[in-house]
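Please look over this structure with the contact between its chains in mind. The report below starts there and then turns to the fold within a chain.

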2 protein chains.
Amino acid sequence: MTTLTNRPADPAELVLEQHRAFRDELLAARLLLSTGIDGLYLRSDRFERIVRGIDAMVSRAGAGTAEETLHFPLLMPREVLERTNYPRSFPNLTGVVSGFSDPTADHAALVQAFDSDDRASWTNLLRPSDLALCSAACHPLYPTQQGTLPAEGRVVEVFGQCFRREPSIDPARMQSFRQHEFVYLGNAEGARAHRDAWIGRALELHGRLGLSVEAVNANDPFFGRTGRLLAASQLSNSLKIEVVAPIAAPSAPTAITSANLHLEHFGEEFGIHTATGQVAHTACVGFGVERIALALLRRHGLDLTGWDPQIRQELAL
Amino acid sequence: MTTLTNRPADPAELVLEQHRAFRDELLAARLLLSTGIDGLYLRSDRFERIVRGIDAMVSRAGAGTAEETLHFPLLMPREVLERTNYPRSFPNLTGVVSGFSDPTADHAALVQAFDSDDRASWTNLLRPSDLALCSAACHPLYPTQQGTLPAEGRVVEVFGQCFRREPSIDPARMQSFRQHEFVYLGNAEGARAHRDAWIGRALELHGRLGLSVEAVNANDPFFGRTGRLLAASQLSNSLKIEVVAPIAAPSAPTAITSANLHLEHFGEEFGIHTATGQVAHTACVGFGVERIALALLRRHGLDLTGWDPQIRQELAL
């Protein structure tokens, strides 16, 4: 007997098809709404309720550890982007806000462009401003931490927003998304202890939500030839541990949480020192709340009312 | 007897001084944290708890009226910005995301710029993308509403995020902020009824929070000479009603909520029709949640624990 199937033989094509199929399901269920641009969605209240439940769980997991809890906008000073060296390492993902440098001078030209056959030509008048899209949830934190840390170091809880310019049909790869972080600033041992403790907490938390997760050694998608060396060094020094879960494509699990050692990278650039005068080490754990929500929707189904009552209770759904 | 005073005689200077003084107080109390850029702040958890309380009150005020509740990111397709005509009317406030059109080709030049004495020159390589900063909370909604509305029209609750490029030392004038909206789509009478009902609800809600508010006829800050005509027409047709409250400067109250008739502006451009085949009218009420939080902090003090227990209860503080 011959079985007819539409499944493509190429594994990469299969993954693409699974991404598209899951996105189509999410849009059909109106959990996310299309804006017409890949990776940019309007979010339903049902989706946001899952995110709020995850955020509350993450806060509970870190309760009592943070000196301060902060909420960041999607924008930050362009200077911070430059000081983190982000555009050099991730030019393809970088975003800067452009506007008119002199609206009065430019307005006539803008009106002319708008009224012409080539309306999009108005964007030729735009110039980069002093604002950038936030490249990683914790980046706006470091300039506020300049100076000397307390003897025991410091933990800050951050509700951050991030931008990555990487249009994708994978619904888990959004261009605008949130990360809920716990950032440590202090010495090298403290940084490692923070990171390792959070890997344990993250595995436990995701497990309680019924997700099949595993912690893997990982690297950031550094750009270009130099980038490959940076990625290799990050990997061989185990600086980045990702908690991955299957979302749309079972064969290609996605990072839903990551825990990172930054060594002295931010301490050096932003003048952060330990109580004993050393350049501070930093470490962070970041929960990708949209990705966790999507992993849950994939695992437990798009109808929230059908989820295991214990998981609904965890998330206050 | 001569009284020495530092108060400037010029009323505009006095207002500036009051803006600066209130901002300094907010930063000193760490309710907001400076990013070094006027109008862009990191927010404390205390500030966010006030915002969450306001959001919940606004949702309760509109409970049962909305067909759907949606949450928008700060970004939207640049095409939506163009279709609303926003850059023509508000070029000075407009923001577009720029990035690299060809990261591989640009990367060497970027690295060179980064390593040069003029690091900022890397931004010369940036080009406007297909993403814009959201110009008004309800703008991303309209493309999703194309087609025919139900007979009774439709109300959508929107948690929106907005960008306005207007750096200011007035803490109530943020470049990145949120608006909680109830948007009506339907016929002209329905739009007016929605708008008028919400002015009443808004006055009542703000009054319950102990704010001295009043509803005033207002206009948007349309740009340039043509803009003055648009503003005059908006005023004379009473299309925009603002609920204003004193925040930093008692003599210059700030709009904290606004209720607007858009006539057929969005219905026409985005192909939205009533059940009887007419071009839809739209109307919205937008609660400026950060501004309301600031008005409360100004009115009741920076120490939330000292607020009237009834107001704390309203806001679940």
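## Salt bridges and polar contacts across the interface

Four salt bridges are found across the interface of chain A and chain B. The model is a predicted one, and the values here are computed from it. One salt bridge joins the side chains of A:Arg88 and B:Asp115, with N to O at 2.5 Å. That distance falls inside the 4 Å cut-off for a salt bridge.

Across the interface of chain A and chain B, 19 residue pairs are in polar contact, both residues at pLDDT 80 or more. Helix H5 of chain A, residues 103-115, gives the most to the side of chain A that touches chain B. Its share is seven residues. By residue class, that side of chain A divides into 31 nonpolar, 20 polar and 14 charged.

## Extent of the interface

How many residues of chain A are in contact with chain B? The count is 65 residues of chain A, against 65 residues of chain B. The area buried between the two chains is about 5700 Å². Carbon and sulfur atoms give 64% of that area.

Of the interface residues of chain A, 100% are also interface residues in chain B, so the copies meet through the same surface.

## Symmetry of the two copies

Two copies of a chain are related by a rotation about an axis and a shift along it. Here, chain A superposes on chain B by a rotation of 180 degrees, with 0.0 Å of shift along the axis. The RMSD is 0.0 Å. The two copies are therefore related as by a two-fold rotation axis. Which C-alpha of chain A is nearest the axis? That of A:Val97, at 2.4 Å from the axis.

## A strand pair between the chains

Strands also pair from one chain to the other. Strand E2 of chain A (residues 41-44) pairs with strand E3 of chain B (residues 68-71). The sense is antiparallel, over two bridges. Within this pair, A:Ser44 has B:Leu70 as its bridge partner in E3(B).

## Strand pairs within chain A

Strand E6 of chain A (residues 127-133) pairs with strand E4 of chain A (residues 75-77) in the antiparallel sense, over three bridges. A:Pro77 stands opposite A:Leu131 of E6(A).

E6(A) also pairs with strand E5 of chain A (residues 96-99). This pairing is antiparallel too, over three bridges. In E6(A), A:Ala132 is the bridge partner of A:Val96.

## Salt bridges in the whole structure

Over all chains, the search finds 32 salt bridges. Among them is the pair A:Glu314 and A:Arg60, with the closest N and O atoms 3.6 Å apart. A:Glu314 lies in helix H10 of chain A (residues 309-314), and A:Arg60 in helix H2 of chain A (residues 45-61), so the pair ties together parts that are 254 residues apart in sequence.

Terms used: Residues numbered from 1 in each chain as written. Chains lettered and ligands numbered in written order. Predicted model: local features only at pLDDT ≥ 70, side-chain atom pairs only at ≥ 80, totals over all residues. Heavy atoms only, no water. Least-squares fit on C-alpha atoms with pLDDT ≥ 70 in both. Contact = heavy atoms within 4.5 Å. Buried area = accessible area lost by both parts, 1.4 Å probe. Polar contact = N/O pair within 3.5 Å; in protein donor to acceptor, adjacent residues only side chain to side chain. Helix = DSSP H or I, 4+ residues; strand = E, 2+ residues; numbered from the N terminus. Nonpolar A, V, L, I, M, F, W, Y, C, P; charged D, E, K, R; others polar. Pairing = 2+ DSSP bridges.
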